[in-house]
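Subject: Structure handover

Hello,

Here is the structure I promised. Please open it alongside this note, which covers the aromatic side chains.

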Amino acid sequence: MRIFDPHIHMTSRTTDDYERMAAAGVRALVEPAFWLGQPRTSAGSFTDYFDALVGWEPYRASLFGIRHHATIALNPKEANDPRCREVLGELPRYLEKDGVVAVGEVGYDSMTPEEDEVFAAQLALAIEHDLPALVHTPHRDKARGTERTLAVVRESGLEPGRVAVDHLNEVTVGAVAESGCWMGFSIYPETKMTAERMVHILREYGLERMLVNSAADWGRSDPLLTARTGEAMLAAGFTDDDVDRVLWRNPVEFYGQSKRLDLSDVDAADSFAGNSIRRGGS
């Protein structure tokens with residue numbers, strides 16, 4: 001089983017997680033810029049973080065044969081803080097960097113007017129830089145937030161096939177399926193979506209435009225739940241090819257629209273599984 005995790009926050013994970021992921025078949029990933037848990041109060045703290053996403057984390061992943069890519073944006077939660085607004089002016093230079101394959105995460109947290117403005121501005125940046133967009137749907141009032149998200153995407157002029165609407169569930173997937181956008185699902189131990197529920201959604205809605213991720217942020221999460229989803233699919237009667245489509249070919253197709261996806265030498269990841277890997281640091 002080869003796995004491309006299309007949304008995972010490796011900044012929140014240990015180096016041992018990279019080793020476990022490589023052993024489980026993870027060969028590539030995308031790490032979206034997000035809220036770190038502690039509010040940031042200046043643009044400088046964002047640019048330091050963005051520099052780590054395009055520099056340090058790709059190096060750390062490479063030690064285990066995993067290709068690391070990133071998405072860059074001002075996240076919805078911090079879009080409400082006026083001290084963070086100047087970050088929008090810093091985004092263009094990062095959106096031109098190798099390894100940056102989308103604008104994201106953008107979207108809604110509390111659905112405020114400030115979030116409306118920042119969301120629309122960053123979808124415009126996606127068009128300007130010819131990149132797809134990764135959209136975060138709110139944790140609260142998710143159905144209304146998803147409908148509002150789709151309305152903003154339509155107004156932006158960004159093609160639906162270049163937008164992934166993430167953190168979906170049984171309530172919100174139908175509207176996104178009808179919109180033509182890609183459908184993203186975060187598999188978590190207790191919240192959001194389980195592997196078993198994901199299998200039911202795949203049976204109902206099919207495999208097209210489906211993205212399955214582990215997100216794996218600073219909360220209780222598990223970076224191997226993409227692999228567990230693949231196993232649940234096989235146990236439910238899906239084929240090896242079905243699993244490969246959902247866990248590999250679909251994310252390659254979506255992020256490949258950036259024309260910056262680098263998957264050269266991904267087969268070398270097999271040589272890392274089960275081996276002792278030299279780690280950075282002293």
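Is Tyr-18 buried or exposed? Tyr-18 has 0% relative accessibility, so Tyr-18 counts as buried (buried is under 20% relative accessible area, exposed over 50%, partly exposed in between, with a 1.4 Å probe and protein chains only). Phe-64 is also at 0% and counts as buried.

Some ground rules. This is a predicted model, where local features need pLDDT of at least 70, side-chain atom pairs count only at pLDDT 80 or more, and totals for chains, interfaces and linings use all residues. Residues are numbered from 1 along each chain as its sequence is written, and side-chain values use heavy atoms, leaving out hydrogens and water.

Now the rings. Searching the whole structure gives 10 aromatic pairs (Phe, Tyr and Trp rings, the six-membered one for Trp, with centres within 6.5 Å; planes under 30 degrees apart are stacked, over 60 edge-to-face, the rest tilted). In one of them, Tyr-18 and Phe-64 have ring centres 6.3 Å apart and planes at 5°, so they are stacked. Tyr-18 is in helix α1 (15–24) and Phe-64 in the loop between α3 (56–62) and β3 (67–72), so the pair ties together parts 46 residues apart in sequence (helices are DSSP runs of H or I, at least four residues; strands are runs of E, at least two; both numbered from the N terminus).

Phe-50 and Tyr-94 are edge-to-face, because their planes are at 70° with centres 5.2 Å apart. Phe-50 sits in α2 (43–54) and Tyr-94 in α4 (87–94), 44 residues apart. Both are buried.

One aromatic cluster holds Phe-4, Trp-182, Trp-248, Phe-254 and Tyr-255.

Best wishes
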